[in-house]
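Let us walk through this structure step by step. Keep the sequence and the 3D view side by side as you read.

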Amino acid sequence: MQQLQNLIAGFNVSSCEPYKQCWIKAKLTTQDDLISLATALKANGLTSLITVSPTDFPDDNRLELNYFFEDLLTRRNAWIKVDIPRELDACQIPSLTPLFPSVNWHEREAFSTFGVRFIGHPALEDIFISEDFIGKFPFRKGFDWQAHEANLIENMACIVRGFEREHAINDARMGKGSHTTLNWGPTHPASGPLRLRVEVNGEDIISVKPDVGYVWRGLEHLVEGKDFVGALVAIERICFMDNTNAMICYAQAVEEIAGKPITPFASMMRVMLGEIGRVVSHLMGIGGFFNTMGLVTLQMWALDVREYFLDVLEDYSGARIATASIEPGGVRYPLKLALLVTLEAAIAKYEATRSEFYAIFINNPTMQSRATVVGIITPEMVLNNGLCGVVARASGVKTDIRLDEPYAAYDKINMTYMLAEQGSAKNRFEVLFKEVDQSMDILKQAIADLRRGIESGEYRPEKDAMVRIPKKLPDGEAVSRVEWSRGELMMHLVTRKSDETPYRLKIKAPSVNHTMMLETLLAGKTLSDIPLVFGSLYICQGDLDR
Amino acid sequence: MLLHIIQKMFRVVRALRQPRLATQDVRHHAVHLSANYRGQHTVDHEVCTGCDICADICPVNAITMLKLPFKRRNTVPEVNLATCIYCGLCEDVCPTKPEKAIKLSGGRFDILTGGSHADQESFWLRANIPQSYIDSRLAEEEAARVKKEMEAKKKEALAAEEARLAAEAEHAQPVASGAEGEKS
């Protein structure tokens with residue numbers, strides 16, 4: 001770490017200090033140094049540039065860009081800030097995409113929403129936002145949303161015209177041999193709201209260009225209109241599959257700025273709820289993988305087990321999917337001991353079904369031979385493309401935020417990295433399954449700890465659930481990371497003194513980088529590989545588009 | 001051909017005589033129902049203080065406050081059930097004790113609306129306050145107002161009495177001070 005700090009301090013920086021246990025936070029005085037600093041960081045092993053997050057300060061007439069560099073292997077990360085002018089003409093900075101392919105779509109996103117022009121980007125096109133927002137840069141402060149919404153009909157017509165334009169181009173290409181453009185999605189049974197423009201020659205794929213943004217809700221902007229507690233309902237809607245861990249991430253950022261640590265009881269509750277969220281999500285992902293291969297039985301079985309875990313969430317919070325159960329300051333409701341019994345019943349249900357899952361699906365010879373040869377991701381691809389979570393671990397890269405930068409009460413939990421070697425679609429599916437087993441183990445540890453703590457009087461389940469967080473936070477910013485079910489979820493929260501709402505929240509979600517990989521993985525393969533590779537990457541459009 | 005048709009008819013008649021499997025209206029039975037299930041709200045207008053906090057925190061602005069013809073505690077929440085996302089923050093912030101004036105937990109899960117457009121438009125939890133309550137509150141306020149007026153009158157009379165006494169005292173003052181002056 002010291003070496004990394006010295007390295008960064010060697011450039012024109014106005015500040016350079018350690019932040020939390022594995023970050024160096026620095027601010028560049030000029031954007032001229034950005035490329036040389038990034039090159040030096042990459043040479044030092046920080047090969048993943050996971051996102052770039054602009055923050056708009058109209059009062060100072062500047063945009064602040066935050067770059068987050070990560071080294072997945074040695075857990076050394078760098079958070080580099082640099083100011084650029086706010087005027088649209090001057091709002092530009094050298095692109096880092098040629099150096100770090102992982103930041104490609106993130107730079108495009110910053111361009112679409114803030115109007116930052118990245119000089120040297122290979123294809124700086126709009127992404128995520130719908131046609132009617134192009135050129136308007138909606139996340140800048142002072143964008144008039146109400147005036148925009150007033151032209152609802154025209155906006156929709158604008159979106160339709162965009163599709164018609166593309167349709168005309170595809171039509172013109174038709175009829176020239178077997179070369180054509182195929183739309184995979186957005187209504188394909190396996191695609192979810194996402195469309196792959198697949199250029200095919202007969203059955204062979206020439207290129208894949210994902211069209212994303214079908215469920216873009218502008219969540220990062222929505223939270224700016226809500227107070228710190230009300231923002232929860234926007235954040236938990238990143239993805240319905242795993243909703244608790246996203247709230248943990250946000251709550252941690254708020255608590256850090258407020259300077260209020262939560263109680264040990266609430267931390268352990270967060271472990272429990274977070275793991276329930278992970279199990280619920282994984283059980284759906286497992287089913288989705290086989291679904292894309294045309295076998296829906298596993299989905300039905302997995303959803304059946306999932307219901308038992310949803311019962312636990314309902315008993316705790318009163319809702320099954322959108323639980324809103326974790327607030328800044330702790331967990332929202334006190335714990336009743338009967339809940340632990342329900343949870344144990346759910347675990348027992350899973351364990352009773354587990355052997356059947358293994359016998360019929362995981363050791364399934366057809367799946368084994370089909371899925372071992374497609375969608376192979378090497379460890380180098382993981383490091384260079386900012387992949388994370390199950391996808392990274394299936395390629396043998398040891399990354400898991402629960403172990404790398406333990407949050408909540410994960411430091412009390414006994415666990416290891418769940419790894420596989422080859423990085424094929426089959427490996428990803430296996431790691432997914434192993435992680436469900438691991439989560440069951442963590443849940444048992446959490447239950448035992450909660451029981452012990454309550455019996456010995458260390459935890460007070462009624463009083464310890466929440467710590468009071470003030471309505472207004474001081475000036476500050478925080479970066480918070482959690483291991484979400486799909487991978488690393490990072491939030492960058494900026495607050496302003498005497499504001500009752502977040503000033504800026506950037507959500508870095510794992511599916512963006514995973515979707516970016518589709519093009520590399522599918523080029524040169526055949527059409528029948530698309531569902532399998534897509535299904536194994538465990539993509540959720542909710543967190544892809546936000 | 002004819003045999004075929006007769007066979008089919010026979011099958012249909014037999015099927016019609018079979019007992020229907022779906023004999024239970026599952027809209028009103030939950031497989032799993034928690035005691036704290038966040039369902040349809042109940043608003044207790046007698047407990048509600050009309051403080052507006054629930055409408056303030058609502059992240060989707062589903063709550064509007066209905067104005068009541070009173071001087072104090074004169075608003076009560078109404079919820080647009082179609083907009084509401086059932087997050088329960090309104091219940092969390094409600095300051096009344098021990099019973100919350102607005103409650104979702106333990107509420108109905110079978111929130112059903114009719115199929116017509118008009119049904120959708122009027123899919124609201126209205127305050128629905130009985131006239132007797134309004135009358136009693138108005139009477140209460142009237143009584144309070146009368147009482148206050150009486151008190152004010154009494155006070156006025158008292159003040160007038162005091163003023164009169166003070167004036168009398170002032171009248172007597174020079175003598176007293178004169179006497180004092182002599183003493184010193």
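**A sheet of three strands**

Start with β11, β12 and β13 of chain A, which form an open sheet in that order. Their pairing is antiparallel. Now look at the edges. There stand β11 (476–484) and β13 (504–508) of chain A, each with a single partner strand, so one side of each is left without a neighbour in the sheet. From one strand to the next, the twist averages 10 degrees. Bear in mind that this is a predicted model.

Next, follow β12 of chain A, which covers residues 487–495. Five bridges join β12(A) to β13(A), and the two run antiparallel.

Helix α8 of chain A spans residues 244–258 and lies across β11 and β12 of chain A. The helix runs at about 155 degrees to β11(A).

**The whole chain**

Now zoom out. Chain A has 19 helices and 13 strands. Its radius of gyration is 23 Å, close to the 24 Å that the globule rule gives for 546 residues, so chain A is as compact as a globular protein of that length. Along the principal axes, its C-alpha atoms fill a box of roughly 65 × 55 × 50 Å.

How much of chain A is buried? Buried residues make up 51% of its 546 residues. Contacts tell another part of the story. Take those in chain A with a separation of 6 or more: residues 24 or more positions apart account for 66% of them.

Notes:
Residues numbered from 1 in each chain as written. Chains lettered and ligands numbered in written order. Predicted model: local features only at pLDDT ≥ 70, side-chain atom pairs only at ≥ 80, totals over all residues. Pairing = 2+ DSSP bridges. Helix = DSSP H or I, 4+ residues; strand = E, 2+ residues; numbered from the N terminus. Axes fitted to C-alpha atoms, helices over the stretch in contact; angles between N-to-C directions. Contact = placed C-beta atoms within 7 Å. Rg over C-alpha atoms; globule rule 2.2 N^0.38 Å. Buried ≥ 20, exposed ≤ 12 C-beta atoms within 10 Å, placed from the backbone.
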